[in-house]
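Please keep the sequence and the model in view while reading.

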Amino acid sequence: MNRFVWVLALLSVVPAGAQTAMPQTKATAFKDTSAFKPPSGAKVAIIEFEDLECPLCAEVSPMVRQAMNHYGIPRVHYDFIIPGHMWSRTAAIYARYLQDKVSLQTAEDFRRDVFASQRLIAGPDDLQQFTRRWFQAHGQQMPFVIDPTGKCATEVEADCALGRRVGVGHTPTLVVVTARHWIEVAEPNQLYAAIDLAEAEVNATGGRARASAR
């Protein structure tokens, strides 16, 4: 009940679409947050911008997956390539190929395995060898040219362009969103607390809506 009252107080001073960050001192100065919405049918979701060559992304990725499973909420994923990373764009293109040609789950499995093997991938050649072995181990035939039309590269670049428009400056960038409000998770160990707050907000808003309808 105390949390419910606290969320009601928060909603009374925070306008729709406004920012909360956990902790607030590490908030990113986002520019365009129109993409910070849950997908259709979801009340709470995690938005994540990640780079497959980013060590912190590799560390945080299992935490995000555990949170998704624990709360039963979706994740909206975007690639955001950090300048200077030698192979992350190619890895993202490989993942997008698997997403487009095989399945979203297969692409997710590839991304998670890239993170788990990140320290063994020193450059593009290592990535290609890793990917060829991964395709074989998962019953897939790796094409000689994996993206001949450039469609997958265009999709990855669209994610990166969105990130630049949003004002993403680092990876991972994690944002917990509801239809009304969003919370940047600037410290990954506060992800569960952010989701708790978002779900409390949804419950509080629903309770107020039901009360006003009576």
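**Helix packing and its surroundings**

Helices H3 and H5 are roughly parallel to each other, a class that covers angles under 35 degrees, with over 145 counted as roughly antiparallel, 65 to 115 as roughly perpendicular and the rest as oblique. The angle between H3 and H5 (residues 124–137) is about 20°, and their axes lie 11 Å apart. Axes here are lines fitted to C-alpha atoms, for helices over the stretch in contact, and angles run from 0 to 180 degrees between N-to-C directions. The crossing of H3 and H5 is right-handed; a crossing has this hand if the near helix is turned clockwise from the far one by less than a right angle, and is left-handed if the turn is anticlockwise. On the H3 side the contact (heavy atoms within 4.5 Å) is made by Thr90, Ala91, Tyr94, Tyr97 and Leu98, and on the H5 side by Leu127, Gln128, Thr131, Trp134 and Phe135. These residues divide into seven nonpolar, three polar and no charged, where Ala, Val, Leu, Ile, Met, Phe, Trp, Tyr, Cys and Pro count as nonpolar, Asp, Glu, Lys and Arg as charged, and the others, Gly among them, as polar.

The model is predicted: local features need pLDDT of at least 70 and side-chain atom pairs count only at pLDDT 80 or more, whereas totals for chains, interfaces and linings use all residues. Residues are numbered from 1 along each chain as its sequence is written, and side-chain values use heavy atoms, with hydrogens and water left out.

The protein as a whole has seven helices and five strands, which follow one another from the N terminus in the order α-β-β-α-β-α-α-α-α-β-β-α. Helices (H or I, at least four residues) and strands (E, at least two) are DSSP runs, numbered from the N terminus. Of the 214 residues, 48% are buried, that is, under 20% relative accessible area, with exposed meaning over 50% and partly exposed in between (1.4 Å probe, protein chains only). The accessible surface comes to about 10900 Å², and carbon and sulfur atoms account for 54% of it; the areas come from the Shrake-Rupley method with a 1.4 Å probe, and for residues only the protein chains shown count as cover. Among contacts between residues at least 6 apart in sequence, 76% join residues at least 24 apart.

H3 also packs against H4, at an angle of about 155° and with the axes 7 Å apart. That angle makes H3 roughly antiparallel to H4. From H3, the residues Ala91, Ala92, Tyr94, Ala95, Arg96, Leu98 and Gln99 meet Leu104, Thr106, Ala107, Phe110 and Arg111 of H4. By class, this contact has eight nonpolar, two polar and two charged residues.

H4 (residues 104–116) in turn packs against H2 (residues 55–71), where the angle is about 135° and the axes are 9 Å apart. H2 is therefore oblique to H4. H2 passes H4 in a left-handed crossing. Cys57, Ala58, Ser61 and Arg65 of H2 meet Glu108, Arg112 and Phe115 of H4, and the contact comprises three nonpolar, one polar and three charged residues.

Beyond its neighbours within four places in sequence, Phe115 is in contact with Glu50, Asp51, Leu52, Cys54, Cys57, Ala58 and Ser61. Phe115 and Leu52 are 63 residues apart in sequence, yet their C-alpha atoms are 6.5 Å apart.

Arg89 belongs to H3 (residues 88–101) and counts as partly exposed, at 35% relative accessibility. Leaving aside neighbours within four places in sequence, Arg89 is in contact with Ile81, Val156, Glu157 and Cys160. Ala158 lies in helix H6 and is partly exposed, with a relative accessible area of 45%. Its C-alpha atom is 9.1 Å from that of Tyr78, 80 residues away along the chain.

Two loops remain to be visited. Most peptide bonds are trans. A cis peptide bond, however, joins Met22 and Pro23, with omega about -5°; Pro23 is in the loop between strand E1 (19–22) and strand E2 (45–50). The bond from Thr171 to Pro172 is also cis, with omega near -10°, and Pro172 lies in the loop between H6 (151–166) and strand E4 (173–177).
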